[in-house]
Amino acid sequence: MPAPTPISREVARQAAHWLVLMHEHPLSTAQQQACERWRQTDPEHERAWQRMQQVQQQLGGVPTAIARGTLNRERRQALKALLVLAAIAPAGYLGYRFGTRQGWMADYRTVVGERQQMTLADGSIINLNTDTAIDVRFDAEQRMIRLLRGEIMVSTGADAHGRPLRVISEQGVMQPLGTRFSVRQFEGTTQLAVFAGSVRATPSRGAPQVVEAGQQRLFSDNAFGPLRKASQQAAAWTLGQLVADDLSLKAFIDELARYRSGRLHCDDAVAGLRISGGFQLDNTDAILAALPTTLAVKVTYRTRYWVTISRA
């Protein structure tokens, strides 16, 4: 069966305009009639409209800010551009690039290799690690940070209004009690590490537990993993460092891969080698170049974005 004719960018742009307009507020009678006329004018218009509906479902719906009519002009334009790209992209591309967990319309985000520090309205300091996305919602009742992907370090501020601070991950809710802690989103689990104070963690389908300073736990939506020591080295990324203490090369490379785009592969033959030291994350190529000076490995670049570490 031949591949369907691609939707033109201009038609996709028109369909995106109607979709966003419809979700921002109820259409007037005149607008509804205009949208219907547009769809009926050309079969290509209707095909684009149906494709746009599919895109919306694949993206997990539209941002709640649209439904409230509070999406600003910049983010509205970004959303339209994303919808157009998704509508004209090859089949399968959307699911690869824009999964529902990717935070494509997040309030704050970092790209691969980027780190960012920000201060919220209550004085809380948030560090975003590489490839991280969060939403922030402060209202009269609470302060809420939703971790969509990646990893954050939170140093809580004292709220003048006494509102609780909650950090929400896919697996549950964490409420700090005057503290410094990190939250990392894995596939199917959340990692909570507490460096000062304590945090009450509540899985979405489980009973809460309090994690104290110096402790770290993984939890799913219904259970906690074993209690472990929270290493200060695991927080070194906030200072731009990757610290390894007798770490397997495979684990080290997996961690380093978070900070650079493309494929970074460690062959099984050298995966068990051990590595220690502190490395500057702002230059991952320099880190790779240093590996053969301390380990019996070679680093092969097929391209800038396809690198393999193998036996020398």
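**Close-up views of a predicted chain**

**View 1. Strand 6 sits between two partners.** Strand 3 (residues 125-128) pairs with strand 6 in the antiparallel sense over 4 bridges. Two strands count as paired if DSSP finds at least two bridges between them. Strands (E, at least two residues) and helices (H or I, at least four) are DSSP runs, numbered from the N terminus. This is a predicted model, in which local features need pLDDT of at least 70 and side-chain atom pairs count only at pLDDT 80 or more, while totals for chains, interfaces and linings use all residues. Residues are numbered from 1 along each chain as its sequence is written, and side-chain values use heavy atoms, with hydrogens and water left out. Look for isoleucine 126, whose bridge partner in strand 6 is valine 154. Strand 6 is also joined to strand 9 (residues 180-185) by 5 bridges, and these two run antiparallel. Here methionine 153 stands opposite serine 182 in strand 9. Is strand 6 (residues 151-155) mostly covered or mostly uncovered? Strand 6 is mostly covered, with 4 of its 5 residues buried. Buried means under 20% relative accessible area, exposed over 50%, and partly exposed in between (1.4 Å probe, protein chains only).

View 2. Strands of a sheet pair through backbone hydrogen bonds, either parallel or antiparallel.

**View 3. Strand 11 links strand 8 and strand 12.** Strand 8 (residues 172-176) and strand 11 are antiparallel and share 5 bridges. Proline 176 has valine 199 of strand 11 as its bridge partner. What do strand 11 and strand 12 form? They form a hairpin, with 5 residues between the two strands. Strand 11 (residues 198-203) runs antiparallel to strand 12 (residues 209-212), joined by 4 bridges. Serine 198 is found opposite glutamate 212 in strand 12.

**View 4. Helix 7 meets helix 8.** The axes of helix 7 (residues 249-257) and helix 8 (residues 284-294) come within 12 Å and cross at roughly 160°. Axes are lines fitted to C-alpha atoms over the stretch in contact, and angles run from 0 to 180 degrees between N-to-C directions. The two helices are therefore roughly antiparallel to each other, a label for angles over 145 degrees. Helix 7 makes the contact (heavy atoms within 4.5 Å) through Leu249, Phe252, Ile253 and Leu256. On helix 8, the contact residues are Thr284, Ile287, Leu288 and Leu291.

Conventions: Parallel < 35°, antiparallel > 145°, perpendicular 65-115°, else oblique.
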